[in-house]
Amino acid sequence: MEALKAEAIALLKQLISIPSFSKEEGETAEAIANFLIKKGVAPQRQGNNVWAYLTPFEANRPTIWLNSHHDTVKPNTGYTKDPFLAEEQEGKLFGLGSNDASGPLVALIATFCHFLGKDLPFNLILVASAEEEISGSQGISSLLSILPPADLVIVGEPTQMRLAVAEKGLLVLDATVKGKAGHAAREEGVNAIYLALNDLEKVKAYKFTKVSPLLGPTKVSCTVIHAGEQHNMVPELCRYVLDVRVNELYSHEEVLYELNSELSAELIPRSMRLRSSSLPEGHLLHEVGKSLDLEIFGSPTLSDQALIPYPSAKIGPGDSARSHTADEFIFTQEVKDGITTYISILENYASLYLQTKHPQ
């Protein structure tokens, strides 16, 4: 076990040292595949996504995916350290992507390798996905027609090994309010800005009624606004953007319907892909979480969960507050402890599954 953890830390350092911005993850995909090959695994690859089966697939067994991503955002200007150096100081491993999400990824890879040669009552598939940071079309969503459906997806993201059983979705709406152009010096036209202000007052005060015990309320915010080109012309159009963070009690379609009924603007969704998610009540992972005394919570941040149409939960070493920050880091002990917890999750899941299948 200690040797496996040391290998995971070495792989983490290697991944940090390789630039892997979204859509440019080819070298980290190769590094992950080579690591698996050395462990006796036969990985498969499409684009920059890498996956592997623990054992030959058996259709009569449930299926669990272990998924995390190996792309990163670009380093921000606040870095004081080389983002690709993988520098270790006082138990902290610094480097771009160390926390989000190469730390969780290598912990899942080590967990997968731990079970090589062991008999599990379910199919286990490791999925190292690309383009997570941009929710790209060539990331996890491109594998949904290739991989077998999952009964559970464990998504590796930095949650301090707390179990996120729900995650907010994102709906971005482009809004257009139409007035009538006119000269500002005369009482002409209908000012689209003033019409939009009526909308924005409603947006500011609007409350969605269904409040989630895990994710809280669905929240709408205006984040961008633009109107007018000349100081002496009453603007005909005012455009604004709504950012809607959607809890698991609403579909995107329901949110769009409610806002359309309240606002005068024409609302056009940029995408309906990034859905909220939740682990269904009664799913076996709830019992596993309780048995391991894992803290249960709802996550406000997006991950590949938004694109995965199967029961899923998000958990991993590291802290979401460090993601995308200057001098990003993860504690090496967090990664090692994460491996232990991941293994316990799968062992307990297997035990509880066998008990429900063959009750004493």
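This is a predicted model: local features need pLDDT of at least 70, side-chain atom pairs count only at pLDDT 80 or more; totals for chains, interfaces and linings use all residues.
A crossing of two helices is called right-handed if the near helix is turned clockwise from the far one by less than a right angle.

On the helix 6 side they are L284, L285, E287, V288 and S291, and their partners in helix 7 are I345, N348, Y349, L352, Y353 and T356. Sorted by class, the contact of helix 6 with helix 7 comprises seven nonpolar, three polar and one charged residues.

Helix 7, which covers residues 332–357, also packs against helix 1, made up of residues 2–16. Here the angle is about 130 degrees, and the axes lie 10 Å apart. That angle makes helix 1 oblique to helix 7. The crossing of helix 1 and helix 7 is right-handed.

Which residues in helix 1 and helix 7 meet? Helix 1 contributes K5, A8, I9 and L12, while helix 7 brings T332, V335, K336, I339 and T340. By class, five nonpolar, two polar and two charged residues form the contact of helix 1 with helix 7.

Conventions
Residues are numbered from 1 along each chain as its sequence is written. Side-chain values use heavy atoms; hydrogens and water are left out. Axes are lines fitted to C-alpha atoms, for helices over the stretch in contact, and angles run from 0 to 180 degrees between N-to-C directions. Helices (H or I, at least four residues) and strands (E, at least two) are DSSP runs, numbered from the N terminus. Angles under 35 degrees count as roughly parallel, over 145 as roughly antiparallel, 65 to 115 as roughly perpendicular and the rest as oblique. Contact means heavy atoms within 4.5 Å. Ala, Val, Leu, Ile, Met, Phe, Trp, Tyr, Cys and Pro count as nonpolar, Asp, Glu, Lys and Arg as charged, and the others, Gly among them, as polar.
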